[in-house]
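Reader: I'd like to learn how to read salt bridges in a model. Could you walk me through them?

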Amino acid sequence: QVQLVESGGGLVQPGGSLRLSCAASGRIISINDMGWYRQAPGEQRELVATTYSRGNTDYKDSVKGRFTISRDNAENTVYLQMNNLEPEDTAVYYCNARITTRSGYVLVTGDYWGQGTQVTVSQ
């Protein structure tokens, strides 16, 4: 069984910074892509940033230059450094990882989600 546990959300003023962390644990064989999504009230969940297994990254246009995604493969952890936060960044942030586990003699790859962490940007 695999779990993703997030931390680091909170309330911050516009222009402030937060750092989100997401640690994967369990019977993990390997982790491929890892990413952060967010969902604002009344909106669909959207991709914010992705880090691929080869180390390259991709970002939603509105966060480029403000957010940085990184990963620590030894610790099975992905981070999202968020700077110069704007009220429009307010949402529940979810981490996602594509993880390979072993089920008996079979390797199984699936998508796993964290429980979500609230980020609120307000005066």
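Author: Gladly; we will go through the salt bridges of this predicted model.

Reader: Which residues are linked in a network of salt bridges?

Author: That network joins Arg 38, Glu 46, Lys 60, Arg 66, Glu 86 and Asp 89. Let's start with Glu 46, which forms a salt bridge with Arg 38, their closest N and O atoms lying 2.8 Å apart. Glu 46 also forms a salt bridge with Lys 60, with 3.2 Å between the closest N and O atoms. This second pair links distant parts of the chain: Glu 46 belongs to strand 5 (residues 46–51), while Lys 60 sits in the loop between strand 6 (57–59) and strand 7 (67–72), 14 residues apart.

Reader: Is Arg 38 buried or exposed?

Author: Arg 38 counts as buried, because its relative accessibility is 6%. Glu 46 is partly exposed at 27% relative accessible area, and Lys 60 is partly exposed at 26%.

Reader: Where do Glu 86 and Arg 66 lie?

Author: The side chains of Glu 86 and Arg 66 meet in a salt bridge at 3.8 Å, N to O. Glu 86 lies in the loop between strand 8 (77–82) and strand 9 (91–103), and Arg 66 in the loop between strand 6 and strand 7, so the pair ties together parts 20 residues apart in sequence. Arg 66 is buried, with a relative accessible area of 9%, whereas Glu 86 is partly exposed, at 31%.

Key
Residues are numbered from 1 along each chain as its sequence is written. This is a predicted model: local features need pLDDT of at least 70, side-chain atom pairs count only at pLDDT 80 or more; totals for chains, interfaces and linings use all residues. Side-chain values use heavy atoms; hydrogens and water are left out. A salt bridge is a side-chain nitrogen of Lys or Arg within 4 Å of a carboxyl oxygen of Asp or Glu. Buried means under 20% relative accessible area, exposed over 50%, partly exposed in between (1.4 Å probe, protein chains only). Helices (H or I, at least four residues) and strands (E, at least two) are DSSP runs, numbered from the N terminus.
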